[in-house]
Amino acid sequence: MSRLLKRLQSHLDLRYEAPEPRIEGRITRLIGLTIEAVGLQVAIGDNCLIAVRPGLEVEAEVVGFAGDRIYLMPLDSVDGLQPGARVMPFGNAGQVAVGPGLLGRVLNGVGRPLDGKGPLQVETRVGLAGETINPLERHPIEQPLDVGIRAINALLTVGRGQRLGLFAGSGVGKSVLLGMMTRFTEAEIIVVGLIGERGREVKEFIEHNLGAEGLARSVVVASPADDSPLMRLRAAQLATRIAEYFRAEGRNVLLLMDSLTRYAQAQREIALAVGEPPATKGYPPSVFARLPRLVERAGNGASGGGSITAFYTVLTEGDDQQDPVADAARAILDGHVVLSRRLAEQGHYPAIDIEASISRAMPAIVDAGHLGTAMRFKQLMSRYQQNEDLITVGAYTRGSDPDTDFAIERMPVLKAFLQQGLNESKPLAQSVQELAMVLSPPPKAPAKAPPQPGARG
């Protein structure tokens with residue numbers, strides 16, 4: 001009997017364990033981009049595979065539910081989907097690959113390579129959502145950041161860890177200005193999120209704006225306009241998560257996202273598709289809840305750690321600065337740079353409207369002399385704009401106002417200061433020196449000595 005017990009004991013580790021049952025659901029309805037399924041036990045944010053046709057399974061995310069009906073949003077096209085198709089849950093999407101192996105690579109919204117350079121050489125995986133930083137533990141913005149743009153360096157000085165918006169209508173030069181900052185800004189790591197823009201711009205941005213040297217220290221996450229709204233949403237979150245990883249490693253990161261508006265529009269498409277009521281100009285409330293959750297993830301980390309300096313482009317439809325997304329972004333960002341169509345049409349690049357732009361961190365990171373000079377520059381520009389019509393028609397009388405007289409005298413120099421070539425970099429120290437020079441009155445010519453009596457002409 002003892003021998004038999006020993007033999008049974010030796011086989012205990014080989015005993016058969018029945019696998020847990022896998023619960024599958026079925027597709028019952030497809031309206032627009034929203035897929036309805038029944039028979040699933042899933043939670044918001046879980047991922048599923050939809051068997052579109054033999055050999056093709058499309059990933060989808062749970063975005064809502066009503067009773068026993070589950071609402072799914074696919075990441076890819078579901079052409080050929082039929083009623084009753086199988087839906088198989090496989091848990092939360094939340095893990096993404098991060099690490100130094102991402103540098104020099106171009107990824108899509110779910111982290112798959114788009115550049116044809118083979119699989120990613122990374123081993124670390126982290127949650128897509130990131131970790132919330134206690135606001136009292138964030139290191140304050142104290143150090144200026146050189147972005148290489150003279151007008152921004154001198155008049156809208158950016159601090160390391162600041163979050164700014166580039167506000168403009170279409171075709172005014174947002175992407176070009178982003179490209180200049182990508183090449184000129186002092187940052188160890190650059191993360192670029194191209195969200196919802198034209199597909200052809202992805203390759204142009206990489207080849208013309210980044211270049212080989214810039215790409216070597218960059219990670220590009222691209223989700224063009226023809227991607228599903230869920231893919232565009234994921235791409236913005238992935239770019240932010242990659243930047244957070246490098247910040248946690250103690251690196252200074254530059255995050256460029258083009259554009260925050262397309263991110264909001266992707267969330268609007270998803271929310272409206274699952275039945276959320278529209279609020280302001282068709283944007284549901286969830287859009288204005290998601291924007292700060294994304295933006296607040298950037299900024300400085302804890303003292304002694306890294307930083308994420310972020311620039312978000314904001315598309316103002318019809319050049320309307322009161323657009324709901326623009327208005328919400330302006331409230332949650334640390335400053336805004338407004339690009340003017342009027343200046344762009346005059347060939348003035350970068351087309352920065354200095355009067356409408358502001359850097360909220362500038363007073364804390366520059367000395368009193370620099371701040372006073374920048375304010376004086378803005379005052380002169382504003383004084384000239386107030387009297388421009390009178391000056392143009394010749395109705396302004398010299399001597400009426402000393403500041404306006406000085407603004408008229410120095411206006412060609414002030415306008416030239418605000419312009420900069422596409423491949424021309426202006427360091428921070430040089431920008432501040434040139435600012436002081438353009439506000440200095442030109443030296444007066446020495447008075448001609450009167451002729452001496454008896455001198456021959």
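Residues are numbered from 1 along each chain as its sequence is written, and side-chain values use heavy atoms, with hydrogens and water left out. Because the model is predicted, local features need pLDDT of at least 70 and side-chain atom pairs count only at pLDDT 80 or more, while totals for chains, interfaces and linings use all residues.

**Exercise 1. Describe how helix α7 packs with helix α8.**

Step 1. Helices here are DSSP runs of H or I with at least four residues, strands are runs of E with at least two, and both are numbered from the N terminus. Helix α7 covers residues 285–295 and helix α8 covers residues 324–332.

Step 2. The two axes lie 10 Å apart, and the helices pack at an angle of about 40°; axes are lines fitted to C-alpha atoms over the stretch in contact, and angles run from 0 to 180 degrees between N-to-C directions.

Step 3. α7 and α8 are therefore oblique to each other, since angles under 35 degrees count as roughly parallel, over 145 as roughly antiparallel, 65 to 115 as roughly perpendicular and the rest as oblique. Their crossing is right-handed, which is said when the near helix is turned clockwise from the far one by less than a right angle, anticlockwise being left-handed.

Step 4. On the α7 side the contact (heavy atoms within 4.5 Å) is made by F288, L291, P292 and V295, and on the α8 side by P324, V325, A328 and I332. By class, this contact has 8 nonpolar, no polar and no charged residues, where Ala, Val, Leu, Ile, Met, Phe, Trp, Tyr, Cys and Pro count as nonpolar, Asp, Glu, Lys and Arg as charged, and the others, Gly among them, as polar.

**Exercise 2. Describe how helix α5 packs with helix α6.**

Step 1. Helix α5 (residues 229–248) and helix α6 (residues 260–273) have axes that come within 8 Å and cross at roughly 135°. α5 and α6 are therefore oblique to each other, and α5 passes α6 in a left-handed crossing.

Step 2. From α5 the contact takes in P229, L230, R232, L233, A236 and Q237, and from α6 it takes in R262, Y263, A266, Q267, E269 and I270. Sorted by class, the contact of α5 with α6 has 7 nonpolar, 2 polar and 3 charged residues.

**Exercise 3. Find which residues of α8 are buried and what they pack against.**

Step 1. Buried means under 20% relative accessible area, exposed over 50%, and partly exposed in between, with a 1.4 Å probe and protein chains only. In α8, P324, V325, A326, A328, A329 and R330 are buried.

Step 2. These buried residues pack against β12 (163–168), α6, α7, β17 (307–315) and β18 (335–338).

Step 3. At the start of α8, a side-chain oxygen of D323 reaches to within 3.1 Å of the backbone nitrogen of V325.

Methods. Polar contact = N/O pair within 3.5 Å; in protein donor to acceptor, adjacent residues only side chain to side chain.
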